[in-house]
Amino acid sequence: MRNRANVLQVARRVASARLGRGHPIYLVHALTARCNARCGFCAWNPDFYDPRQQLSTDAIKRLYSDARREGFVGLSVWGGEPLVHPDFGEIARHAHDVGLVTHMVTNGFLLDRKMDAVIPYVDRVCISLDHPSRTHDEIRGIRGLFDKIVAATREIKRRDPNKQIVFICTLLRQNADAETLRSMAELMADLGVLGVFNGFRQEAASDHASAKLDAWAPSQEQLAEAFVTLAALKRRGFPILDSYTYMSMMIQGPPVYRCHWPKFMLPVEANGDVVDCMHWGTRPIGNVERTPFAEILKSQRLSDLAGDAGEQCHKCVSIHRVEISEVSSGNFEPLLSWSMLRNPPQPRAG
């Protein structure tokens with residue numbers, strides 16, 4: 001039987017994490033480091049993660065059970081590409097059965113094959129989409145990807161009209177213009193999905209990756225103009241999840257904030273490494289196969305990240321880190337955008 005935390009329990013755990021008196025409550029798990037895409041701007045390279053090294057299915061299920069037992073309420077599954085994992089359905093069902101609210105980030109290419117696992121067991125489906133046309137195929141290195149995403153989105157909506165679907169658009173030089181952004185917002189409205197427009201991630205995990213990312217990164221002027229356009233589209237009623245707080249910060253320049261993300265989120269890589277987000281890929285806190293999960297949660301480094309050491313960092317421009325941090329600091333405006341998740345939009349008529 002499922003045992004999801006009730007609203008009061010979640011509120012207590014959130015408050016405890018916010019005050020630095022507890023451990024994170026949301027697991028961010030790279031299910032696999034394998035990926036079927038060839039994104040030119042991907043920061044996660046084999047310099048420090050070997051795709052052959054990943055937890056067994058039994059170890060993954062044990063991790064999820066341990067996390068739920070320790071009071072975790074949510075799980076974000078990503079990769080690599082989570083749907084290339086041969087046991088994705090079994091793993092997703094286990095997460096569902098132990099009571100974790102499950103969020104998946106996918107490139108969408110395999111959604112049509114894994115629909116029977118995704119629809120009943122994944123609470124929110126986030127699909128990376130960077131262009132409202134087949135140009136997206138070129139950006140992600142998969143022929144036919146755009147058409148597959150659109151078809152799979154329509155099929156999910158047909159089977160479960162209330163399923164939460166979010167398109168995540170990474171702002172690049174190739175899509176930061178006003179015309180492309182308007183077309184993206186119109187596509188989201190037509191399909192009945194929500195959209196997140198994420199500032200391009202400059203917090204690359206290695207110097208090699210940083211050099212590669214420079215070829216894709218829009219200028220600050222381009223980013224500012226993009227978020228001016230997006231704010232106007234949101235005001236017109238397009239289903240854009242970005243808060244006005246985040247968009248305003250991105251318009252003004254790289255956001256400056258006190259980071260509270262490590263208080264709530266615990267990243268675990270495909271090989272079982274629990275990650276220190278300030279030293280991603282280079283200084284793991286521990287490994288869930290070698291150290292009991294409950295013991296890892298008592299790590300001094302996790303405690304430091306939940307205190308001044310973590311709060312003083314604001315290198316990341318990711319919307320998730322910025323908005324969680326702003327709400328934790330007392331700015332509740334992003335909550336108005338998050339409330340859109342409770343009532344997924346329906347496809348536009350016609």
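A crossing of two helices is left-handed if the near helix is turned anticlockwise from the far one by less than a right angle, and right-handed if clockwise. The views below come from a predicted model, in which local features need pLDDT of at least 70, side-chain atom pairs count only at pLDDT 80 or more, and totals for chains, interfaces and linings use all residues. Residues are numbered from 1 along each chain as its sequence is written, and side-chain values use heavy atoms, with hydrogens and water left out.

**View 1. Helices α2 and α3.** α2 (residues 57–69) packs against α3 (residues 88–98) at about 15°, and the axes are 10 Å apart. The two helices are therefore roughly parallel (angles under 35 degrees). The crossing of α2 past α3 is right-handed. Contact (heavy atoms within 4.5 Å) involves Thr57, Ile60, Lys61, Tyr64, Ser65 and Arg68 of α2, and Glu90, Ile91, His94, Ala95 and Val98 of α3.

**View 2. Helix α9 and its cover.** Buried residues (under 20% relative accessible area, with a 1.4 Å probe and protein chains only) of α9 include Leu223, Phe227, Leu230 and Lys234. Among the elements covering the buried residues of α9 are α7 (178–191) and β6 (194–198).

**View 3. Ala185 in helix α7.** Ala185 lies in α7 and counts as buried because its relative accessibility is 1%. Beyond its neighbours within four places in sequence, Ala185 contacts Leu233, Phe238 and Pro239. Pro132 is 53 residues from Ala185 in sequence, with 8.8 Å between their C-alpha atoms.

Note on methods: Axes fitted to C-alpha atoms, helices over the stretch in contact; angles between N-to-C directions. Helix = DSSP H or I, 4+ residues; strand = E, 2+ residues; numbered from the N terminus. Parallel < 35°, antiparallel > 145°, perpendicular 65-115°, else oblique. Buried < 20%, exposed > 50% of the residue type's maximum accessible area, 1.4 Å probe, protein only.
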